[in-house]
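Try each task yourself before reading the solution.

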Amino acid sequence: MTEEKILTKHPLGKSGKNISKQKYETLKGAILSALKNKELTHTELFDDLNRTLRGRFAGNISWYGETVKLDLEARKIIERTSPKPQKYRLKSMRSL
């Protein structure tokens, strides 16, 4: 049985990456959980991902994390704030 893949999107329309659906779902869950009820800088988000997934994820957490984060931005699930330093948040937070 071949591993199921997902083609990610990129917010700037660049070509996405074909990655394992299982790895995608793992990172998506970790990112959404990290951003639940709070905004995080890129560094804070990736520190959180590395802390959460270390030892439980086969692959480069930062590379997969960046790929999935960009996909979630392109799908309008998360967004960047404008002020510096930029932070990430769940897109629906503004409407709460």
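**Exercise 1.** How many salt bridges does a search of the whole structure find?

*Solution.* Before counting, note that this is a predicted model, where local features need pLDDT of at least 70, side-chain atom pairs count only at pLDDT 80 or more, and totals for chains, interfaces and linings use all residues. Residues are numbered from 1 along each chain as its sequence is written, and side-chain values use heavy atoms, with hydrogens and water left out. Next comes the criterion: a side-chain nitrogen of Lys or Arg within 4 Å of a carboxyl oxygen of Asp or Glu. Run that over the whole structure and you get 10 salt bridges.

**Exercise 2.** Take the salt bridge between Lys-5 and Glu-3: how far apart are the closest N and O atoms?

*Solution.* The closest N and O atoms of this pair are 4.0 Å apart. Lys-5 comes out at 46%, so partly exposed. Glu-3 also sits at 46% and is partly exposed.

**Exercise 3.** Which parts of the chain does the Glu-79 and Arg-89 pair tie together?

*Solution.* Start with the contact: the two side chains form a salt bridge at 2.7 Å, N to O. Glu-79 belongs to strand S4 (residues 78-80) and Arg-89 to strand S5 (residues 87-90), so the pair ties together parts 10 residues apart in sequence. Strands here are DSSP E runs of at least two residues, and helices are H or I runs of at least four, numbered from the N terminus. Now the burial: Glu-79 is buried at 9%, and Arg-89 is buried at 16%.

Glu-79 also forms a salt bridge with Lys-91, with closest N and O atoms 3.2 Å apart. This pair links strand S4 to the segment after S5, 12 residues apart. Lys-91 is partly exposed at 34%. Through shared partners, salt bridges join Glu-39, Glu-79, Arg-89 and Lys-91 into one network.

**Exercise 4.** What is the strand order in the open sheet of 3 strands?

*Solution.* The order is S3-S5-S4, with antiparallel pairing. Strands S3 (40-41) and S4 are at the edges with a single partner strand each, so one side of each has no neighbour in the sheet. Pairing requires at least two DSSP bridges between two strands; S4 and S5 pair in the antiparallel sense over 3 bridges.

Key
Buried means under 20% relative accessible area, exposed over 50%, partly exposed in between (1.4 Å probe, protein chains only).
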